[in-house]
Structures are given as C-alpha cells and as structure tokens.
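Subject: Structure handover

Hi there,

Here is the structure I promised to pass on to you. My notes on what turned up in it follow just below.

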Amino acid sequence: AALTTAMSSASTTLTATRTAKLGASGKDNPDHPSQKKRDVQCRSKSVPESQRRYCAYTYRVSRWKFDDRKFAQENVWPWLKLPFKNNGAVGFDMETEPFGKGAERLAYMFYEINKNKTRLGKKLVAKESISVDSEEKKVNFHQTFCRVQRKALDWSTEFNKAVAKTPSLR
C-alpha cells in the first residue's frame with residue numbers, strides 16, 4: 001500500500017510540474033525567445049579538447065546549494081553560498097557550445113579558473129535552462145528543479161524500503 005501511494009504521488013507531482021511549463025494550449029510557445037536554445041546543435045563528442053571554444057566568466061560568479069529545509073520556512077532564503085571547489089578559484093572557463101541537450105536544459109563542460117584565468121582542478125559540468133532567459137527567473141527554475149529532485153530522492157528511498165520489506169522481491 002505504501003508503495004502504491006508513493007508511486008501515485010510521484011505521478012501527480014511530475015504531471016503538475018510539466019503542465020506548469022507548458023502554455024495555455026498545452027504546447028510550448030514557438031515564438032518565445034528561449035526557442036532559439038531548443039534549436040541549438042550540440043558539438044560532436046569527437047571534437048578534441050584543443051579545438052573546443054571556452055569563455056571565461058569571473059564577474060559575479062558563485063556556487064550555491066539549495067536547502068530544502070530552509071525552503072519550508074517562510075521568508076527564508078533557501079540557498080547556501082558555497083566556496084569554489086578549488087583553492088584560488090574566482091570564476092569559470094565554460095565551453096561556448098553545449099555537449100548535451102535534454103528536454104529542459106543544455107549541458108556544458110567547464111573548469112574553475114583563478115584570477116590569471118588559469119584552469120584549476122578537474123573538468124566539471126554546468127547545466128543551463130532552455131526555457132528561462134532572465135537571471136531572476138533562473139533562481140525560481142532551479143528552486144523548483146531542486147525541490148523535484150529532493151522529492152524524487154525521498155520517494156526512491158521510500159520505494160527501496162518497501163521493496164526490502166517485500167519477501168517476493170528479495
């Protein structure tokens with residue numbers, strides 16, 4: 001019964017989330033400026049690193065983590081500022097062409113960089129929303145995305161517990 005309830009809740013929430021992203025007609029708006037991002041071609045995975053184009057970003061760049069517990073509190077900013085992964089990092093050197101594209105986001109390779117724009121550490125992945133252009137709206141998009149991911153984690157944990165208690169599924 002708990003497993004059925006969890007799956008039903010997941011289905012309802014995911015449907016509501018997708019519906020909110022569509023226009024009144026139930027279709028994406030082809031005239032919206034973000035449609036240009038949907039038409040972006042991803043670079044070939046065979047392009048060697050030496051031939052990939054990057055762009056450095058050091059102005060107003062920071063890392064943030066969403067705190068679901070803070071979101072539940074009224075009038076509390078749910079984002080926790082984090083340090084960069086590498087000592088001395090002040091920004092990013094991000095690919096100008098995405099290497100991957102999903103239904104809602106584009107994926108880019110990037111490195112953290114220091115004040116001399118020297119790359120630090122390992123290659124990382126950044127994701128950008130296809131449907132959201134303004135920085136203000138990106139915060140809300142990421143907040144919704146993080147809440148959905150958190151809920152998915154909760155449900156998968158609940159599902160795994162239910163499976164572990166079911167003798168025929170061991």
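How many salt bridges does a search of the whole structure find? The search comes back with 9. Before going through some of them, please keep in mind that this is a predicted model.

First, the overall layout. The chain holds 4 helices and 7 strands, and from the N terminus on the order of elements is α-α-β-β-α-β-β-β-β-β-α. Of its 170 residues, 25% are buried. Among contacts with a separation of 6 or more, 55% are between residues 24 or more positions apart. The chain exposes about 12200 Å², with carbon and sulfur atoms supplying 53% of that area.

Now back to the salt bridges. Arg43 pairs with Glu95, and their closest N and O atoms are 2.5 Å apart. This pair links distant parts of the chain: Arg43 is in the loop between H2 and S1, while Glu95 is in strand S4 (residues 91–95), 52 residues apart. Are the two partners buried or exposed? Arg43 counts as buried because its relative accessibility is 9%, and Glu95 counts as buried too, at 3%.

Arg119 forms a salt bridge with Glu49, where the closest N and O atoms are 3.4 Å apart. Arg119 lies in strand S7 (residues 119–129) and Glu49 in the loop between H2 and S1, so this pair ties together parts that are 70 residues apart in sequence. Here Arg119 is partly exposed at 36% relative accessibility, and Glu49 is partly exposed at 27%.

The side chains of Arg150 and Asp154 meet in a salt bridge, at 3.3 Å from N to O. Both residues lie in helix H4, 4 residues apart, which is about one turn of the helix. Arg150 counts as partly exposed at 39% relative accessibility, as does Asp154 at 32%.

There is also a network of salt bridges, and it links Glu49, Arg52, Asp93, Arg119 and Lys123. Arg52 is found in the loop between helix H2 (35–38) and strand S1 (54–57), and it is buried, with a relative accessible area of 17%. The side chain of Arg52 also reaches the backbone oxygen of Val47, at 2.8 Å. Which residues does Arg52 contact, leaving aside its neighbours within four places in sequence? They are Arg43, Lys45, Val47, Glu95 and Lys123, and two of these, Arg43 and Glu95, form the salt bridge at 2.5 Å described above.

On the nonpolar side, the largest core has 7 residues: Val61, Phe84, Ala89, Phe92, Phe110, Leu120 and Ala126. Apart from that core lies another, of 5 residues, including Tyr54, Ala107, Met109 and Tyr111. Ala89, from the largest core, contacts Phe84, Glu112, Ile113, Asn114 and Leu120 once its neighbours within four places in sequence are left aside.

Finally, the surface. Trp64, Trp77 and Val139 form a nonpolar patch there, with about 320 Å² of accessible area together. Val139 is found in helix H4 (residues 135–164), the helix that also holds Arg150 and Asp154. Val139 is partly exposed, with a relative accessible area of 32%.

Happy to talk any of this through when you have a moment.

Best wishes

Definitions and conventions: Residues numbered from 1 in each chain as written. Predicted model: local features only at pLDDT ≥ 70, side-chain atom pairs only at ≥ 80, totals over all residues. Heavy atoms only, no water. Helix = DSSP H or I, 4+ residues; strand = E, 2+ residues; numbered from the N terminus. Buried < 20%, exposed > 50% of the residue type's maximum accessible area, 1.4 Å probe, protein only. Polar contact = N/O pair within 3.5 Å; in protein donor to acceptor, adjacent residues only side chain to side chain. Contact = heavy atoms within 4.5 Å. Core = buried A, V, L, I, M, F, W, Y, C linked by side-chain atoms within 4.5 Å. Areas by Shrake-Rupley, 256 points an atom, 1.4 Å probe, with all protein chains shown as cover. Patch = residues over 30% accessible without salt bridge, like charges linked within 9 Å, V, L, I, M, F, W, Y side chains within 5 Å. Salt bridge = Lys/Arg side-chain N within 4 Å of Asp/Glu carboxyl O.
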